[in-house]
Each structure stands twice: as structure tokens, then as C-alpha cells.
Amino acid sequence: MYIVQIASECAPVAKVGGLGDVVYGLSRELSLRGHCVEIILPKYDCLRYDHIWGMHEAYRDLWVPWFGGAIHCTVFYGWVHGQQCFFIEPHSGDNFFSRGFFYGALDDHMRFAFFSKAALEFLQKSNKRPDIIHCHDWQTGLVPVMLFEMYKWHGLWNQRVCYTIHNFKHQGIAGADVLWATGLNNEGYYFHYDRLRDNFNPFALNCMKGGIVYANAVTTVSPHHAWEAHYTDIGCGLSHTLHLHQDKFKGILNGIDYSTWNPEVDHNIKLQYSWDSLENKAKNKKALRDRLLLEDNDRPIIAYIGRLDDQKGVHLVHHAMYYALNRGAQFVLLGSATEGSINSWFWHEKFHLNDNPNCHIELGFNAELSHMIYAGADMLVVPSNYEPCGLTQLIALKYGVVPIVRGVGGLVSTVFDRDHDDKHPPEERNGYVFYQTDNHALESAMERAIGLYTVYPEEFRKLQIQGMKYDYSWNNPGNEYIDLYEFIRA
Ligand code: ADP
């Protein structure tokens, strides 16, 4: 099959969170199976250019219709760790992708509406006719809308769209300007409840809703989250739309790319290891301590890696840090906050705990350091308020780090409590789970994990190995996506 992914992120060149990992990991899996996969991305100025090989101009004069005129674009081509990527660079005063960041501008809806339009224009003009267009999240929600309302009349009539939602919270709320800019025009038509009109604000358009309504198949990133989005308020107002389109909606659990996230081959870490050479993990723990100037003692290292925002349960992350320190553990936090108040809160904590030999807070995005932390830590906390899939617990399991998670979304489908889960045999349990959002719930799970580490180290080691033996690669999800592609193609 010929598959084109249109996305706003792809690891490691443009990665803000799990979306980037998924676009890269799924593409790699599909290409390994012999499918032809191409990825279309914006050419951000803040791309990690050091991870792109052989970048060159692929299409010089792409004119993308925009507001009755047209914007001149150049399309570049390069290889990102074996994957074929096209990067669209517009030349206009709007500087859509030359802002030093990926998201967070007031005109994000226009930036990504433009990108969606440019990607389709590129497919059309360069005579690319993929079997499947796979697009992701609100940023590319307008792709199926424009494909089936406009581009199918201009040669793209045989393409099928799979639309994956990684986070229901951000839906791309826009005004009528998006219609006039992209040439969809016809306000009366698109502002209909059955099409793009937001389910709550009758004067707004919802790009994610557009994706759901128009795509041939809609997925989210775990079966449990699909259920949550359909039946609880986690769908952030889209439950009814999902209900109307339930026949084409399902959850497919994300995988992780074991060529990137595997302690047996990871070159970012001090010493490679696997479940049968777990003693080498101790050297990585020592290396992590040296790097972060932590005291070398016999305490466990508990880590948090991820965005610092409401979704991730920042208050519980904060509590986990102090609870770990009080219970005689070390704590390492690697996170970035986009919201000003959360950012200053954690900067304050960083200064406050600066001289503590058992704690390190690293604020910002640092992919290399994240590998070292997974390799060196003993436990990882993931106390999310909601979590569509969650990749950090999957990576942790592979690195022999025992996850302590809140039982929501994809965390429920991937982590099984050592003491309380009814999974049999018990050798298939791999971590600790708590359900409520209060401090005590978190403490009860952390207490059990720290207790096992200190009192029954052999049992703790067994639990680490049980986690490492799980297969959360792209193998199974790869099969599911291919079945889905074939289904919608037929
Ligand atoms: P999200 O909701 O952000 O998509 P996921 O758990 O699905 O969360 O994916 C997070 C990914 O981003 C993981 O690969 C994790 O290691 C990485 N990550 C998150 N924050 C940071 C950071 N500050 N520095 C480096 N890597 C990070």
C-alpha cells in the first residue's frame, strides 16, 4: 500500500510529545512491512536539522491558494532515520512556521489550516495518489474535509482517510476566516451541526469535529480511551459526534519504537542491558547520578518525565516529589511547562531544592537526558488526570523501570497492579496502579513500590523483569492499522 502521513510532529525532528513518537514509529513499522510510506510535515525553523539526512528541494514552485490569492511554497525532501519526509516551507509575511516554536501562537488554526491545504495541494500537483492518507489531531482535521469537498474533484478521488485523535482536549476552534482562507467558503454549509459547527459554540468551527465527520475511519490511541471519549466527559464535547460516527470509530493502542527505545541498543546510555543483564542498569544509575550531581547511596530513584500541565496531574507530580524525598527516595523530574504559572511554580521548586543531594529538577525538553533517566531510574510516576495512551510508562517498562500510574485511559490497558490486579498468572503484573486523584491514593501506590524495593529487593527485581518482557512494540498495532487501511480501501 502507498500511505502518506500528514502530521504536525514526527520524532525526533519535530517532537513535542507522544504524537511525534507515534508518527515516526508507525511509519517505520509500515515501511518495514514493505509498504511505501511518506510523511508530510511543516518546515519549522526549529526542526532538529541534525536528524535529517540529504535534505534537498523536491518541488520548487508550489502555489497554494489562500484567501483568493496564493502563497508560494518550496517543498523539501529528506530522510529522518530511514523515513521519507517532505517539509513544506511557505514564503509569506505570515511566517507560519518560522517562529521558534511548534504550537502556541494566536493564529495556530490558520497556520495548520494552511499546512493541511498545502499538503493536499502538494499531493495533487506532484501527482501523488496514495491509497491511504493518515492524518493526526486537530492540526490536520481539515485534510479530509478539503479532500472530500474540493480535491476529489481535482484528481484525488480515490484516496481514503484514517484520522487519529491523540488528545481530545485541543480541537482547533476556528472562525469563518478558515473557510475563506482555504477556499471552502460556503459558511452556511459548513456551520451546520452535522459538519464542522462546534457542538457548544454555534459561532465557531471545530477542526477535530471536521476530521471525525469526514474521515473514512477515526481512531484514538487506546481502546479504553475510545470508551472514555464516547461515554464520559473526556471526549471534551465530542461524545455525541463520536456516537453518530461510532461505526467508524475505534481505539488502537499505540506501540513504541524499539529501535529507539530499547536498553539493549540505546546509544544514549552508559551501558546497554536487557532483562538478563539487569545488573548493568546499576551502572546507568550511577551515570545518571554523576550527570545530575545526585548523592550515590542505596536509595531508589523515582522519576517523572513529561509535560507539566493539568492533563498530567501536576499537583500529584509535585506531591510525588516531596513524598519520595520524605520516604527516603531520590527524585528526578524532567518536564516542560507551557503555562506561565506552572512554569514559575516548578522554577521556584528548582531553586528551593537546588542543594538537595537527592533531588534534581530539569525544566525544558531534553531527549538525550530522557534516555539516561529511563536507564537509571527504578520507578516512574504517571499520575495523569487523563491519558489517551501514554508512552512514558511503555518506555519505562522496557527499561526495567516500575511504573506507578493512575488508572485512566491507556494506562489501564498497559499497567497491571502487582498486588491488586486480577491478571493471572501474577507474573504478568508489571507495576502499581491507583485510581483516585488525591494525595493519599498516590501515596498508597508509592508506598507499596518503595516498600518492595527496600524490603524485598529480589521481588522488586522480578517485577522489573516482568515489565521488560512485555511486548509493546508496533508489531500488534501495525497489524491493526493495516487491517483498518485495507477495510476502508475496500
Ligand atoms: P504526551 O501527552 O505529551 O503525548 P506521552 O506519554 O504520550 O505524552 O509521550 C511523551 C513523550 O515525550 C515520551 O517519549 C517522553 O519521553 C517525551 N517527553 C516528554 N517530556 C519530555 C521532556 N521534557 N524532555 C524529553 N522528552 C520528553
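**Cores, a buried histidine and a helix pair**

Modeller: Leucine 120 touches Ile133, Val143, Met146, Leu147, Tyr151 and Leu156, leaving aside residues up to four places away in sequence; contact here means heavy atoms within 4.5 Å. This is a predicted model, where local features need pLDDT of at least 70 and side-chain atom pairs count only at pLDDT 80 or more, though totals for chains, interfaces and linings use all residues. Numbering runs from 1 along each chain as its sequence is written, and side-chain values use heavy atoms, with hydrogens and water left out.

Biologist: Which residues touch the most other members of the largest nonpolar core?

Modeller: Ile6, Ile40, Phe114 and Leu120, out of 81 residues. Such a core is a set of buried Ala, Val, Leu, Ile, Met, Phe, Trp, Tyr and Cys residues joined through side-chain atoms within 4.5 Å. Helix H2 (residues 108-125) gives the largest share, 10 residues.

Biologist: Why does histidine 51 count as buried?

Modeller: Buried means under 20% relative accessible area (exposed is over 50%, partly exposed in between, with a 1.4 Å probe and protein chains only). Histidine 51 has 16% relative accessibility, so it counts as buried.

Biologist: And why are H10 and H15 called oblique to each other?

Modeller: Helix H10 (residues 314-326) and helix H15 (residues 439-455) pack at about 45 degrees, axes 10 Å apart. Under 35 degrees is roughly parallel, over 145 roughly antiparallel, 65 to 115 roughly perpendicular, and the rest oblique. H10 and H15 are therefore oblique.

Biologist: What meets what there?

Modeller: Leu316, His319, Ala320, Tyr323 and Ala324 in H10 meet Asn439, Leu442, Glu443, Met446 and Glu447 in H15.

Technical notes. Axes fitted to C-alpha atoms, helices over the stretch in contact; angles between N-to-C directions. Helix = DSSP H or I, 4+ residues; strand = E, 2+ residues; numbered from the N terminus.
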